[in-house]
Structure formats: structure tokens, C-alpha cells
Amino acid sequence: MSSSLYFTKIKLGSPPKEYYVQVDTGSDILWVNCAPCPKCPVKTDLGIPLSLYDSKASSTSKNVGCEDAFCSFIMQSETCGAKKPCSYHVVYGDGSTSDGDFVKDNITLDQVTGNLRTAPLAQEVVFGCGKNQSGQLGQTESAVDGIMGFGQSNTSVISQLAAGGSVKRIFSHCLDNMNGGGIFAIGEVESPVVKTTPLVPNQVHYNVILKGMDVDGEPIDLPPSLASTNGDGGTIIDSGTTLAYLPQNLYNSLIEKITAKQQVKLHMVQETFACFSFTSNTDKAFPVVNLHFEDSLKLSVYPHDYLFSLREDMYCFGWQSGGMTTQDGADVILLGDLVLSNKLVVYDLENEVIGWADHNCSSSIKVKDGSGAAYSLGADNLISASSVMNGTLVTLLSILIWVFHSFTS
């Protein structure tokens, strides 16, 4: 099955050592596998080397105890005691878990120093030292060294960098599912210009308000709870999710309208994917799906986004029937890389908005510093590892950081 996993290379420790981590806007901590770890994956089908972080090999590594201020941000902190390490336990949407203790060390990212030029920048952050992983995190097919959470919590990398005065809490990604590669940048984007929609306040995830949905202009009825700002319901933007998950009734209506525009005979593959045989150009034959958000922001999802090829003449829908609800029963839509690809997506936590614009993710974007100077970030300097390995489409992102030396809050 063809799906997308986006990951990037970072450096940790002194001297800096490279690690490959998945970029996930749906979680809040950075963790990597640490030595010793008898059960951690030692190889992967992604064509990258796996490494274990060794605190003893880094001259800048420090332990994080329960008395550390950072530990007060962690849910497990109430189980902490004097002179005990600050531990973490994280559960992801697919049921995979990671456990370990926090450490403090330098993270080295590429700082933009001019047009298409970068130089290394190191800043101290707290991250998880993983000792036990379960589920997909322990499988060799898609194993990476860890996960870098870019959520809104104080524990996320973006929040830690901002607390240190190095950056504003603004980041963006451009995921190229056509050619492979992409851009992940920290900093204020000057171009392309993106329209934005407000983030729902006081939410764990990047929740937005979906106001409407149509297929080539023909509207689809939304569950009433999706248009409500009450509770935790709504629509979640999550780069750590591959596909797009809809409530059952909405999924049925969407597939019905799409297949009314282009009739195909559907059959289920792996009891999950609705697939069909097709030999013509899908972009010409199938309709565009439009999602409309608060403040008139539109997200257009094209056939090459929501259809993936199982083989040369077989396609499947990336739309999924999620059946996800909040604790109070409100419906939830989860939008992953399926709809976020081939767009520059900007997360502006300073102004509590998120926005996007269609963009060629193999080209470049411009970010500006506190003085207003703008510099280009190009995708032509990416390390490309886009290939199909055991049915998994993998794309390696470059991560770039713009440091606001003149930043004032």
C-alpha cells in the first residue's frame, strides 16, 4: 500500500550526531531512541541509518529530574519524587507508544544566513530518551530514530526554541508528494502569501472550524457538531497522520458524490481502502473536493491528492471512514498529509491562526526576520529519499530555521 511518511534529519549532542525523526504536528515532544535499548529497531526499510542517542558520548548532555521546571509540564509529573528522573509516556493515534526519561542537550538545526544559504545553530532543549517503543515504532518497515512533535504545548521544540528567545512561534511545511522532498521552516513567511483561519483556542491539537464542503461546487451536508466551537470537536490538522478521516455519514456522502461524477466499481482492499480499476487520467476524470473554513479560507483537494495508485491501473481513495468522536460524542475530522501535500501550510501560534496556499514544494519560499529582511529557502538543497520501499512512499524533508536576532516579543 502506498502511503506517505515525512521525516527529517536533526543533530543532537556535542559533538553533533545525526538522527532521522518524523515530523508530527499532532504531538508535543521530541524523543529519540537511546542507548542502551535492546528492543529498539536496529535497521529500517527506509534506506537510512538508525542511531541510538548516547548521553555519555555527549559533553553537553544533562539529566532532567522531577524537580526540573520542565517536568511540571508533563502529565506524569504527579508520580515523580525527589531525585527521580522525569519520565514520559506517549501514545499515538495508531496505538504505538514510546517510554523513557527526559534529558537536556543541544539540538543543531540549519540557520538561514542568506538566500539559499545556511549555517548550523545549536540551542539547548529537553527531549525524550526512548527506552521502549511499541506498535509501528518498533517495526523495521517504517522505523526512524524518533518523532519530533511540533504541537502547541510548552514541551514542543517550537515552544522551547521560542522560550529561549531564538524564534517566534511560527513554522511551516511544504510536503511534495509529486517529486519527493519538501521544506520545513521555522520563521515568518513572506511569500507565498497565505490566507488564514483562526485556531480554536485552548485545544491540544491544531483545531479549526469547518464551515462547509463541496464536490465540484455541489455541497455536502456536515454533521452539526463540526460547525460548533464548543468542546473539543471540529477539524484537526495533523502532519503526523497520512490520510484524511471523516465521520461515517460524511464519508459515505463524499464517496457517493465523487463516484456520481465518475462512475467506478468499488471494492475493498485490506478491509480499509475503497479501490477501483481505472486507466485514464484521474485529474481530468474526477472532481475537486473543496473544504471551506472560518474566515473564507478554502482548501482544495485534487484527485492526485486524494487518490493513490495501488498499481498501474488500480487506484484507491485516501479518504477514510474514521468514526472518531470526542469524549462528549462530537464528531471529529482528522486531516493528514493527504490534503496537506503540495501546499505551503503555515502555523502561526503568535496570532493563533493557521493558513495555506497551493505551492510547488520543489521550488522555494521566502521568510523574513524581525527587521523585515527576507531570504529564500529552496527545496533544491534537500536530501531526497523519495522512493517506494515495501509499499511505503517515503520523503525526506529538510528542516531550516530562521533565527530572529532582532526579535522582540
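**View 1. The whole protein, as a predicted model.** The average pLDDT of the protein is 83, and 85% of the residues reach at least 70; pLDDT is the predictor's confidence in each residue, from 0 to 100. This is a predicted model, in which local features need pLDDT of at least 70, side-chain atom pairs count only at pLDDT 80 or more, and totals for chains, interfaces and linings use all residues. Residues are numbered from 1 along each chain as its sequence is written, and side-chain values use heavy atoms, with hydrogens and water left out. You'll find 5 helices and 31 strands here (DSSP runs numbered from the N terminus: H or I of at least four residues for helices, E of at least two for strands). Of the 409 residues, 54% are buried, meaning under 20% relative accessible area with a 1.4 Å probe, protein chains only; exposed is over 50%, and partly exposed lies in between.

**View 2. Strand β25, covered on both faces.** In a regular strand the side chains alternate between the two faces of the sheet. Take β25, residues 332–335: Val332 and Leu334 are on one side, Ile333 and Leu335 on the other, and all of them are buried.

**View 3. The partners of β25.** Which strand pairs with β25 in the parallel sense? That's β16 (residues 234–237), with 4 bridges; two strands pair if DSSP finds at least two bridges between them. Strand β17 (residues 244–246) runs antiparallel to β25 and is joined to it by 2 bridges.

**View 4. An open sheet of 4 strands.** The order is β18-β19-β23-β22, and the pairing is antiparallel. Why is one side of β18 (267–269) and of β22 (307–311) left without a neighbour in the sheet? Both stand at the edges with a single partner strand each, so there's no neighbour on one side. Further in, β19 (residues 273–277) and β23 (residues 314–317) pair in the antiparallel sense over 3 bridges, and phenylalanine 276 stands opposite tyrosine 315 in β23.

**View 5. Two stretches to read with care.** Over residues 380–396, pLDDT stays under 50, and the model has 47 contacts for them beyond four places in sequence (a contact means heavy atoms within 4.5 Å). Residues 402–409 also stay under 50 in pLDDT, with 27 such contacts beyond four places in sequence.
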